[in-house]
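Work through the exercises below with the model open beside you. Try each task before you read its solution.

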Amino acid sequence: MNETPVITAKNLDLTFETNDGPVHALKDVSLNINKGEFISFIGPSGCGKTTFLRCIAGLETPTAGEISVNGMSPDEARRSRAYGYVFQAAGLYPWRTIGGNIRLPLEIMGFSKAEQHERVNRVMDLVDLGGFEKRFPWQLSGGMQQRASIARALAFDADILLMDEPFGALDEIVRDHLNEQLLKLWARTEKTIGFVTHSIPEAVYLSTKIVVMSPRPGRITDVINSPLPKDRPLDIRDSPEFIKIAHRVRDGLRAGHVDD
Amino acid sequence: MNIKGIIPALVVVVIIFVIWTAAVIPMNAHLTADQAQRDGFIMTPEAPRDRQEFLGLTLAIKNPEIITMTYTLVRPRLPSPHQVAIEMYETIFTKAPTSRRSLVYHAWVTLSATLLGFVIGTTLGILLAVGIVYNRTMDKSVMPWAITSQTIPILALAPMIIVILGAIGIQGLLPKSIISAYLSFFPVVVGMVKGLRSPDGMQLDLLRTYSANANQGFWKLRLPASMPYLFASLKIGISAALVGAIVGELPTGARAGFGARMLVGDQYGQPMVTWAALFGAAITAALLVAILSFIERRTLARMGMGATA
């Protein structure tokens with residue numbers, strides 16, 4: 001693994017002005033994410049994990065601090081299409097077929113018809129959706145829809161993949177399956193992945209680095225470098241190393257909870 | 001629609017016809033008694049002035065021989081269903097469609113104004129909605145006026161429009177179409193504003209992550225997302241456009257169209273003509289809405305969204 005940071009955040013602060021007064025969503029967040037890392041953000045609701053991901057994506061602007069993505073500001077990185085973003089819900093356009101949905105970013109970015117076709121086919125195979133190109137979203141299960149939304153984020157070959165609780169709404173079995181597939185996909189594409197989750201096993205199973213966050217104000221309480229090997233069968237979750245990391249994550253989450 | 005879906009609607013129609021048929025007797029009893037007396041029947045009471053003291057129903061019970069006659073008056077207060085049916089049959093099927101006595105001719109006159117007005121109104125409505133969604137100033141300024149425009153009684157406004165346009169030499173189809181457009185743009189504005197704003201934050205954020213420009217956001221997200229809203233509005237808009245065209249025919253003594261027929265029937269004591277025009281207008285409106293529903297189902301099905309209304 002290469003040790004050049006692709007994303008760096010230094011003393012990031014973000015305060016939202018709401019009707020109930022200011023909400024301190026991020027406080028003094030500093031972090032380096034290296035190329036090819038799989039980094040998870042875990043913490044209770046309101047800890048700022050999604051906000052941090054949105055700051056990386058240039059969807060939120062920090063009130064203070066510095067953040068750079070590929071050496072650029074997040075806005076510039078967004079304009080140069082540095083990342084693909086996967087949201088909590090698949091958010092496929094109901095009036096487009098699965099193929100049409102995956103083609104959406106390619107149309108917007110002005111790829112040629114032939115290139116669009118080739119890329120759609122390639123990423124659909126990558127997420128095991130070959131043959132579903134002409135179906136409409138409502139004809140697919142929730143897990144398949146989320147896979148299509150991942151394919152959509154992969155279609156334009158950004159180096160960074162940002163995922164905001166992409167499997168949160170799916171049941172345990174489907175989630176396990178998709179986690180396994182996501183790891184394979186990561187190994188094959190060597191992308192840098194930022195992944196937000198509520199689930200301790202999911203974070204530990206997927207990540208090379210786990211960032212534990214806590215709320216009010218949203219901040220980082222622990223950063224854990226996972227000693228697990230890159231090749232991870234599902235039953236690694238029963239290994240002592242896995243359980244040890246999961247414990248440390250849980251302790252980190254508890255420590256952040258003293259204020260309520 | 002399957003048979004089970006039609007039955008409730010049919011039941012309502014049957015009930016309306018039963019009430020209508022029953023109402024013919026009391027509504028026409030006095031006129032019928034007068035006519036019967038002139039024809040040599042003996043009525044109770046005998047003096048027409050005394051008969052005014054009684055309700056139509058009471059009169060019919062006192063003089064049961066007039067009951068069947070209430071259905072065949074030449075100039076009834078309330079025509080019976082079969083009289084209206086005969087009038088419609090004769091004016092639709094036995095007259096050349098180019099004749100002034102043909103209801104098809106009058107239907108076309110009103111329909112052409114309706115369709116032109118509908119196109120103008122819909123275009124205006126969509127343009128205003130786009131302006132409202134994309135421009136803060138228009139958002140703040142246009143909507144209150146659009147709502148205000150609909151609070152002015154169209155019956156008061158229609159003669160002014162016709163007269164003013166007539167004064168500058170615009171006559172015929174266009175003034176009526178403008179009244180149609182005036183009524184039909186509003187539901188389109190309201191529906192399209194809602195439709196263009198229907199994409200949620202996540203769908204908009206997705207386009208931001210692609211650095212899509214406003215143009216792409218409109219054509220690839222907002223416009224397709226607004227389609228179900230547009231069709232719901234179009235169905236309201238086209239009925240409003242038809243009402244507008246008819247209202248446009250009333251105040252100036254137009255010589256053709258459903259509105260003109262209603263007026264003529266009223267002024268020359270030919271209720272069957274008025275009623276035939278009323279039914280003609282209702283059937284036209286139903287057909288227009290049915291055509292739009294068909295296009296809606298086809299379009300939304302092809303877009304993978306299914307019918308929502």
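**Exercise 1. Find what the buried residues of H3(A) pack against.**

Step 1. H3(A) covers residues 98-108 of chain A. Helices (H or I, at least four residues) are DSSP runs, numbered from the N terminus.

Step 2. Pick out its buried residues. They are Ile98(A), Asn101(A), Ile102(A), Arg103(A), Leu104(A), Pro105(A) and Leu106(A). A residue is buried if 20 or more other C-beta atoms lie within 10 Å of its own, exposed if 12 or fewer, and partly exposed in between; C-beta atoms are placed from the backbone.

Step 3. Name the partners. Within chain A they are helix H4 (113-126) and helix H5 (142-154).

Step 4. Look just past the helix. There Gly110(A) takes a positive phi of about 80°.

This is a predicted model: local features need pLDDT of at least 70, side-chain atom pairs count only at pLDDT 80 or more, and totals for chains, interfaces and linings use all residues. Residues are numbered from 1 along each chain as its sequence is written, while chains are lettered from A and ligands numbered from 1 in the order in which they are written.

**Exercise 2. Describe the contact between chain A and chain B.**

Step 1. Count the residues. Chain A gives 17 and chain B gives 15. Two residues are in contact if their C-beta atoms, placed from the backbone, lie within 7 Å.

Step 2. Find the helices on the side of chain A. Helix H2 (74-79) and helix H3 (98-108) each supply at least two residues. H3(A) gives the most, with three residues.

Step 3. Sort that side by class. It has twelve nonpolar, two polar and three charged residues. Ala, Val, Leu, Ile, Met, Phe, Trp, Tyr, Cys and Pro count as nonpolar, Asp, Glu, Lys and Arg as charged, and the others, Gly among them, as polar.

**Exercise 3. Is Leu278(B) buried or partly exposed, and why?**

Step 1. Leu278(B) lies in helix H12 (residues 271-302) of chain B.

Step 2. Leu278(B) is partly exposed because it has 16 C-beta neighbours inside 10 Å.

Step 3. Compare sequence and space. Leu278(B) and Val104(B) are 174 residues apart in sequence and 13 Å apart in space, C-alpha to C-alpha.
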